[in-house]
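Here is a short walk through one protein model. Follow it with the structure open beside you.

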Amino acid sequence: MNIYENELYIEDVRRTAKTAIPWEKLQGSSILITGAAGLIGSFLTDVLMYRNLHCNMECTVYAVGRHAEKAYERFRYCADSKYFRFLAGDVNEPLTFQLDGRLGYALHLASNTHPVAYAQDPIGTITANIIGLKNVLDFCEDHAVSRFAFASSNEIYGENRGDTEKFNESYCGYIDCNTLRAGYPESKRCGEALCQAYIRQKKMDIVIPRLTRSYGPTLLPSDTKALSQFLHKALAGEDIVLKSAGMQYYSYTYMADAVTGLLTVLLCGKTGEAYNIADEASDIRLKDLAELIANQCGRQVVFEKPDEIEAAGYSKATKARLDSAKLQGLGWKAEYDIQTGIARTLKIMKTLPQQTP
């Protein structure tokens, strides 16, 4: 079954598409999405196409990705729509796509976002967040984009110095830049600085949504984050493997809440400002998250030492909870707590072909 044939997933898409967001700003416009086949990008694309197909939004979606065949299989339900165009390309190379007129909006979501990728492809991790971002910014400037959003990360905050319970947008913790693992957070920090440079020098309108650890049934099999591994193990009928004491205390976001947060920042945020996308009802310790998934699948939690590659990619942060008061001030609120989000993720993923991570 294709994920878009799952009724529970369609319910998430429909509910998100009817959220109180100023959709009228997208009416008759266009939006470019890099990383459109990823965890967040694919759900965002589905939501926008739902509004095109059912709400007459008439917003052209330019979905950018590296694998055309996989993308057309994923979006085959809308591939023939005049409001959907897949653009095959790698953001690490200059973009040469032909668009139909001026570009309305753009969201740069393309990035390595899981530990093994950080360790095995550190160059690609860094370049997508800096060179890739620059290529997309230059392309969007050439097409007179109205507004651009760079999807940043909770990783930019570094390690909690022990002086706060939650990170607000002005917090700056410690990152040891002279490590392999630093490539992801430092390149995200540099990406944010690059956005500020384009605002000042190129007069572009840019906002910065900061995503936290996001999840949902659109997780790719290749994703090696702890939560993704927990889900795939449980669905395979195996025990959950915890590779630490599990005391890490993090914020998580279900894909639907991540997308409404992104759209709220894109359409309502103030130029140059960053906004955390998180909700305290989805803050949880890693060991409790493992137990939650194990209990829902009738499995147990077991401990295992990580291998060298896994250890090199793991975050060293032990507490990374985000304060989303600023985003809530724009009218955003989360609809799914961690229990609900995990339950929906498991129910949907059970109907999909299972692939080995």
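R74 counts as buried, because its relative accessibility is 15% (buried means under 20% relative accessible area, exposed over 50%, partly exposed in between, with a 1.4 Å probe and protein chains only). This is a predicted model: local features need pLDDT of at least 70, side-chain atom pairs count only at pLDDT 80 or more, and totals for chains, interfaces and linings use all residues. Residues are numbered from 1 along each chain as its sequence is written, and side-chain values use heavy atoms, without hydrogens and water.

R74 sits in helix α3 (helices are DSSP runs of H or I with at least four residues, strands runs of E with at least two, numbered from the N terminus). Beyond its neighbours within four places in sequence, R74 is in contact with N2, I3, Y9, S42, D46 and T218 (contact means heavy atoms within 4.5 Å). The side chains of R74 and D46 make a polar contact at 2.5 Å.

The largest nonpolar core has 83 residues (a set of buried Ala, Val, Leu, Ile, Met, Phe, Trp, Tyr and Cys residues joined through side-chain atoms within 4.5 Å). Helix α9 gives the most to this core, nine residues.

Note on methods. A polar contact is a pair of N or O atoms within 3.5 Å; within protein, one must be able to donate a hydrogen and the other to accept it, and residues adjacent in sequence count only if both atoms are side-chain atoms.
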